[in-house]
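Open the model in a viewer and keep a selection tool at hand. The stops below are meant to be taken in order.

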Amino acid sequence: MRTFLALLAGLALTAQAAITSSYTNTDKDCVDAIDESSVPSGADIPQDCKGPGGYILYETYSLFSTVRGVMRSKDGPMVVQSILPENCPVAGYGKMVEWRLRNNVPFAVIQRVTCVALKEDGSGPGKKLGEWVVVQEIQGQKRKRLVDALRTPNANIKAREIADKF
């Protein structure tokens with residue numbers, strides 16, 4: 001019986017050890033997604049950022065906000081998952097994106113996002129609505145969970161725990 005329990009404990013530790021993280025630094029790991037000459041003067045050029053396992057973090061821009069998401073490599077079928085929380089009119093993303101990998105295969109991304117309302121007259125960003133750590137499943141059911149980064153102690157650890165249950 002002890003041998004059996006030790007074997008089960010060893011298997012649990014092995015399964016736990018198979019989950020790792022990889023990171024994309026959007027200040028260093030991104031390139032223009034399209035040729036600059038095809039973009040109107042003064043417009044922002046969308047970015048593609050290298051991720052693990054053939055995934056790409058993409059970033060596009062609107063007047064006051066940035067939108068980030070994850071897509072499968074350009075060579076395969078286009079599978080896109082937005083990292084934007086719902087009800088977030090103006091998003092500001094942290095520069096680091098954490099990829100959770102199970103046996104070296106990405107299964108979730110974790111991204112810190114600050115959300116701001118638009119001013120009443122629509123002229124730009126206004127009041128801060130909150131800050132969340134977004135946990136986005138990129139395979140399977142593609143679930144999305146938010147961790148309140150301002151009210152949750154160790155929000156990044158909590159986000160990893162949520163991701164690891166996907």
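What follows is a tour by selection, with what is there at each stop.

**Before selecting**

This is a predicted model, in which local features need pLDDT of at least 70 and side-chain atom pairs count only at pLDDT 80 or more, while totals for chains, interfaces and linings use all residues. Residues are numbered from 1 along each chain as its sequence is written, and side-chain values use heavy atoms, with hydrogens and water left out.

**Stop 1: the five-stranded sheet**

Select β1, β7, β8, β9 and β10. Helices (H or I, at least four residues) and strands (E, at least two) are DSSP runs, numbered from the N terminus. These five strands form an open sheet in the order β1-β7-β8-β9-β10, with antiparallel pairing; two strands pair if DSSP finds at least two bridges between them. β1 (19–25) and β10 (144–148) are the edges: each has a single partner strand, so one side of each lacks a neighbour in the sheet. On average, neighbouring strands of this sheet are turned by 30° against each other, direction ignored. Axes here are lines fitted to C-alpha atoms, for helices over the stretch in contact, and angles run from 0 to 180 degrees between N-to-C directions.

Cys 115 has Gly 130 of β9 as its bridge partner.

**Stop 2: the helix on the sheet**

Contact means heavy atoms within 4.5 Å.

Which residues of α2 are buried? They are Ala 155, Ala 159, Ile 162 and Ala 163, where buried means under 20% relative accessible area, exposed over 50%, and partly exposed in between (1.4 Å probe, protein chains only). They cover an arc of only 100° around the axis, so they lie on the same side of α2; the arc is that of the directions from the helix axis to the C-beta atoms. The buried residues of α2 pack against β7, β8, β9 and β10.

**Stop 3: β2, β3 and β4**

Select residues 30–32 (β2) and 47–50 (β3), which pair in the antiparallel sense over three bridges. Val 31 is bridged to Asp 48 in β3. β3 also pairs with β4 (residues 55–61), antiparallel, over four bridges, and Cys 49 has Leu 57 in β4 as its bridge partner. Four residues lie between the strands of the β3 and β4 hairpin, where Gly 53 takes a positive phi near 60°.

Stay in β3 and pick Gln 47. Gln 47 counts as buried, at 15% relative accessibility. Its side chain makes a polar contact with the side chain of Asp 32 at 2.7 Å. A polar contact is a pair of N or O atoms within 3.5 Å; within protein, one must be able to donate a hydrogen and the other to accept it, and residues adjacent in sequence count only if both atoms are side-chain atoms.

**Stop 4: two positive phi values**

Most residues other than glycine have a negative phi. Select Asn 87, which is not a glycine and has a positive phi of about 55°. Asn 87 lies in the loop between β6 (80–82) and β7 and counts as exposed, at 71% relative accessibility. Then select Lys 142, in the loop between β9 and β10, with phi near 60°. Lys 142 is partly exposed, with a relative accessible area of 30%.

**Stop 5: the cores**

A nonpolar core is a set of buried Ala, Val, Leu, Ile, Met, Phe, Trp, Tyr and Cys residues joined through side-chain atoms within 4.5 Å. The largest has 17 residues, of which Leu 57, Val 70, Ile 83, Trp 99, Val 109, Val 113 and Ile 138 touch the most other members. β4, β7 and β8 are the elements that give two or more residues to this core, and β7 gives the largest share, five residues. A second, separate core has 13 residues, including Phe 107, Val 133, Val 147 and Phe 166.

**Stop 6: Gln 136**

Finish in β9 at Gln 136. Is Gln 136 buried or exposed? Gln 136 counts as buried, at 1% relative accessibility. Its side chain makes a polar contact with that of Gln 81 at 3.2 Å. Gln 136 also touches, among others, Phe 107, Lys 142 and Phe 166.

Key: Lists of a residue's contacts leave out its neighbours within four places in sequence.
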